[in-house]
Amino acid sequence: MRDLFLTKAAKPQDRYKDWREFSDERFMPMVHTRTNDDVFDASAKGTALSFLDITRVSLSAVTLDATAQTVRHHLNKPDVLGFSIKIDGGCAVTQYDRTFIQKRGDISIVDANAPFRFTHFEKSEHLIVQIPRSKIEYQLGSARNFVALSMKDAPTSTLVASFFRNLLQINHELTTDAASRLASIGSDLIVASVAERMAMETPKSLRGTVAVQNAKAYIESNISDQNLAPSQVAAAVGVSLRQLQTLFSDRGQQLSAWIWRRRLEIAAERLTDLSIAHLSIGDISYSCGFSNQSHFSHRFKERYDISPLEFRHLKSSAGTMATSASTLTHQRQVIAKPLWTPPRVEAISSG
């Protein structure tokens, strides 16, 4: 991880202001309220791992409020959910009229598109993983169902926390391909942890939703299985096949159709993934559960109106053009505006 922010070298009267500016830029605009008169202290280290932004933050006691007004200022930023692992200290997390006390080892999720409050009772440290909303809601439904839920009692929470802590020890050694795969694994672990927690105390009105989302998560994890069938999915999530089919039907979907849809969508994603550009179309079709390339090509053309080969060439050309434009834009931005740095900050060793 690289150093992002440190207050120790700044004048005491400037530290809190410097922190607010950094926090608003790194995360989102919030109202910061000191809870004591001690000299403010904060530090942050961060790294990007494929589609994940990870920040390790240490700060003095403070209350952070995302209000309706500050949320509106955030809407032009990437749409993410904040996944927080408490390393030390304690705080209260409140969102959607739900509050829990987060202590060492506990995990919480907040929705950056809705008001929330973090009240840090003392100096604390936590690991924040910003993950695209689509990666979570696609499998678990609306974030409203699981934000600010205490996940300290979910067995998978310990596994998730350990995974990310260990990942940060080696992230600088990872290839682009390895980083992408591990980011996907981390995302899947978060989904599994949240799904497990939701199932523990989910109101009856939401249990059907949890069953459907668990079924979708199982399909994602077993998409390469050519024999994956609705009956297998139903058995895996602990409901009868008829019940699961009814739950999908109630949502305007069909279980068998969903399996084929995800096979094709994942295949389309892999066809445009430059890290596996060396794989043949046949290899990709088999990895998505198709028994032969002819069947895959036929289904793919029905879905996207072009062949897999044409799709790969088309998206590859578009991606090359977009990458060139993005690189040029970034270069111009770096020339025009230097990176924000708090005044008189000393470097600290990575850890």
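The largest nonpolar core of this predicted model comprises 34 residues, a core being a set of buried Ala, Val, Leu, Ile, Met, Phe, Trp, Tyr and Cys residues joined through side-chain atoms within 4.5 Å; buried means under 20% relative accessible area (1.4 Å probe, protein chains only). Those with the most contacts inside the core include Ile-54, Phe-83 and Phe-164. At least two core residues each come from β4 (52–59), β6 (80–88), β9 (107–111), β11 (124–132), α3 (133–140), α4 (155–170) and α5 (176–200), where helices (H or I, at least four residues) and strands (E, at least two) are DSSP runs numbered from the N terminus. The most is given by α5, with eight residues. Another core, of 27 residues, lies apart from this one and has Phe-248, Leu-271, Ile-281 and Phe-290 among its members.

Six strands form an open sheet in the order β1-β3-β4-β11-β6-β9, with antiparallel pairing; two strands pair if DSSP finds at least two bridges between them. Because β1 (2–6) and β9 stand at the edges with a single partner strand each, one side of each has no neighbour in the sheet. Between β1 and β3 (residues 42–49) there are four bridges, and Arg-2 has Gly-46 of β3 as its bridge partner. Helix α1 (residues 12–26) packs on the sheet and touches β1, β3, β4 and β11, contact meaning heavy atoms within 4.5 Å. The direction of α1 makes about 135 degrees with that of β1; axes are lines fitted to C-alpha atoms, for helices over the stretch in contact, and angles run from 0 to 180 degrees between N-to-C directions.

Residues are numbered from 1 along each chain as its sequence is written, and side-chain values use heavy atoms, with hydrogens and water left out. Local features need pLDDT of at least 70, side-chain atom pairs count only at pLDDT 80 or more, and totals for chains, interfaces and linings use all residues.

How values were computed:
Buried < 20%, exposed > 50% of the residue type's maximum accessible area, 1.4 Å probe, protein only.
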